[in-house]
Amino acid sequence: MNTQIIFYSMYGHVYRMAEAVAAGAREISGNKVELFQVAELVPDAALEKSGAKAARKAFAHVPVANVETLAAADALIFGTPTRYGMMCAQMRNFLDQTGALWMAGKLVGKVASVFASTATQHGGQETTITSFYPTLLHLGMVIVGVPYSEARLLEMKEITGGTPYGATTLANLDGSRLPSENELAVARFQGRHVAEIAKALAAGRKG
Ligand SMILES: Cc1cc2nc3c(=O)[nH]c(=O)nc-3n(C[C@H](O)[C@H](O)[C@H](O)COP(=O)(O)O)c2cc1C
């Protein structure tokens, strides 16, 4: 089986979460896990000015996602930073290239899940993930979140991301806060949980 983690990250927070999701997904035997980043849309000069160009070197090795490869996946897990409470334009642009897959029903029945990053605690963690869902449902995908059997969602002793809709992190306004252990653990849980469900569905189809 194949799990693809498709993300966009400007400063590396979503990338760190993507690595944790991948680590969780790899815990499921027989699961080939692949990481892809969606294409950049921001001009080079703007990336340079904001410091993103330097930050992006940390994940420059991750191949650029191509919609053609999506149909090979059993599970697709999408990671996006919040832009005004919703997914980033780079991710939207990628999804807007799935028209032919939609027409042919190529993603119908595949498992989908979403994780996210915001700068602030109430800056749109849940809305970024849940506003992603209509696209996934139009494509016919089966949405999986993070159930409360992951007890780290209940953490109250520290500021933390982590929602029943998907793993999240808080980057702070200047990007200085990196994903915490709690947030990374929820991300690992999400990767494992999604892959487990995708594996069971794939086995059911064969059986
Ligand atoms: C145009 C723009 C809009 C943003 N909108 C929000 C927002 O609505 N809420 C929020 O908390 N953070 C917002 N942010 C901050 C990003 O979500 C933050 O930089 C990101 O989560 C960091 O992840 P990354 O390092 O993977 O890019 C915004 C950033 C930009 C550039």
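Predicted model: local features only at pLDDT ≥ 70, side-chain atom pairs only at ≥ 80, totals over all residues.

Author: Residues are numbered from 1 along each chain as its sequence is written, and side-chain values use heavy atoms, without hydrogens and water.

Reader: How many residues surround the ligand, and which are the closest?

Author: A residue is near a molecule if one of its heavy atoms lies within 4 Å of it. Here 17 residues surround the ligand, with S9, M10, H13, S117 and G123 the closest. At least two residues of this shell come from each of α1 (13–26) and β4 (111–118); helices (H or I, at least four residues) and strands (E, at least two) are DSSP runs, numbered from the N terminus.

Reader: Which side-chain atom of S9 is 2.6 Å from the ligand?

Author: A polar contact is a pair of N or O atoms within 3.5 Å. An N or O atom in the S9 side chain is 2.6 Å from a ligand oxygen, and a polar side-chain atom of T120 lies 2.9 Å from an oxygen atom of the ligand. A polar backbone atom of Y84 is 2.8 Å from a ligand nitrogen.

Reader: Which residues touch the most other members of the largest nonpolar core?

Author: A nonpolar core joins buried (under 20% relative accessible area, 1.4 Å probe, protein chains only) Ala, Val, Leu, Ile, Met, Phe, Trp, Tyr and Cys residues through side-chain atoms within 4.5 Å. In the largest, of 30 residues, they are I5, F7, L35 and F115. α1 gives the most to this core, 8 residues.

Conventions
Polar contact = N/O pair within 3.5 Å; in protein donor to acceptor, adjacent residues only side chain to side chain. Buried < 20%, exposed > 50% of the residue type's maximum accessible area, 1.4 Å probe, protein only.
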